[in-house]
Amino acid sequence: MGSTTKKISVITVSNRYGGVDLNYTSLRRQQFKNWEWIFNDTLYEERKEAVRSYTRDDERVVHFRQGRKDTKAKTWLNHAENEAIAQANGELIVLLQDYIHIEPDA
């Protein structure tokens, strides 16, 4: 990453129950610590407290509810990913599907 520390935005879009532990644990164990997790979630209302508790209010976690699909959007997934990208502050963006574990040097 060079001498300047850059931030990586990791984007996860989900409409399924579970999987939060796999994604967050993988991110928490990363050797590179300057990341943010943008978690765009159709189940936000149902699990916002659980996510907040599990991540222990980690300031790097941005958890929000997916908006309504734009009528011009071709797919719901792409629309949701675009919503999340708009929230990202990182110089680099990584799309990380739900239920995925990555190695600490990923």
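User: In this predicted model, where buried means under 20% relative accessible area and exposed over 50%, does Tyr-24 count as buried or exposed?
Analyst: Buried means under 20% relative accessible area, with partly exposed lying between that and the exposed class, which starts over 50%. Because Tyr-24 has a relative accessibility of 4%, which falls under the 20% cut-off, Tyr-24 counts as buried.

User: How are the rings of Tyr-24 and Tyr-54 arranged as a pair?
Analyst: Tyr-24 belongs to helix H1 (residues 20-28) and Tyr-54 to helix H2 (residues 44-54), so that the pair links parts of the chain 30 residues apart. The ring centres lie 6.0 Å apart, and pairing requires centres within 6.5 Å. Since the planes stand at 70 degrees, and planes over 60 degrees apart count as edge-to-face, the arrangement of this pair is edge-to-face.

User: Which kind of pair do the rings of Trp-37 and Phe-39 form?
Analyst: Trp-37 is buried with a relative accessible area of 0%, and Phe-39 is likewise buried, at 2%. Their ring centres are 4.9 Å apart and their planes are at 5 degrees, and because planes under 30 degrees apart count as stacked, the pair is stacked.

User: Which strands stand at the edges of the open sheet of four strands?
Analyst: The sheet has the strand order S3-S2-S1-S4, with parallel pairing. Two of its strands each have a single partner strand, so one side of each is left without a neighbour in the sheet. The strands at the edges are therefore S3 (61-65) and S4 (92-95).

Terms used. Residues are numbered from 1 along each chain as its sequence is written. This is a predicted model: local features need pLDDT of at least 70, side-chain atom pairs count only at pLDDT 80 or more; totals for chains, interfaces and linings use all residues. Side-chain values use heavy atoms; hydrogens and water are left out. Buried means under 20% relative accessible area, exposed over 50%, partly exposed in between (1.4 Å probe, protein chains only). Two strands pair if DSSP finds at least two bridges between them.
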